[in-house]
Amino acid sequence: MSDPSPVTVWVFLGEGAQWPSGVFGTRERAESWIKAGELTGMLTEYPLDTGVYDWAIEHGHFQPRAAHQQTPSFVGRFTTAHQEHFHYIKGDQD
């Protein structure tokens, strides 16, 4: 029997950062860390064990319509606003 709820993680990307600075199992833990550090950036929920591109297609949030939208370069940079995400300024949710 499989669990119907997807397993996710919360990833924090600081303002201007190229790489994430924190990955958390719960939004609450992430927000506590963001608040304590007075951090500015974005917290995004990511599905575990799948790519965002595949997740978006599976959930009907994206459908490739052009050949370039199926290239490794496109898939590797893919992101979607359909992922749960929150913005923070100096530790407070914007």
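Tutor: With the elements: helices (H or I, at least four residues) and strands (E, at least two) are DSSP runs, numbered from the N terminus. This is a predicted model, in which local features need pLDDT of at least 70 and side-chain atom pairs count only at pLDDT 80 or more, while totals for chains, interfaces and linings use all residues. Residues are numbered from 1 along each chain as its sequence is written, and side-chain values use heavy atoms, with hydrogens and water left out.

Student: How many salt bridges are there by the rule used here?

Tutor: Side chains of opposite charge can pair when their charged atoms come close. The rule asks for a side-chain nitrogen of Lys or Arg within 4 Å of a carboxyl oxygen of Asp or Glu. It gives 2 salt bridges. One joins Arg27 to Glu31, with closest N and O atoms 3.0 Å apart. Arg27 and Glu31 are separated by about one helical turn, because they lie 4 residues apart in helix H1 (residues 27-37).

Student: Which residue pairs with Asp92?

Tutor: Lys35, with the closest N and O atoms 2.3 Å apart. This pair links distant parts of the chain: Asp92 is in strand S5 (residues 92-93) and Lys35 in helix H1, 57 residues apart.

Student: Is Gln83 buried or exposed?

Tutor: Buried means under 20% relative accessible area, exposed over 50%, and partly exposed in between (1.4 Å probe, protein chains only). Gln83 has 3% relative accessibility, so it counts as buried. Lys35, at 48%, is partly exposed. Gln83 sits in the loop between helix H3 (72-77) and strand S4 (85-89).
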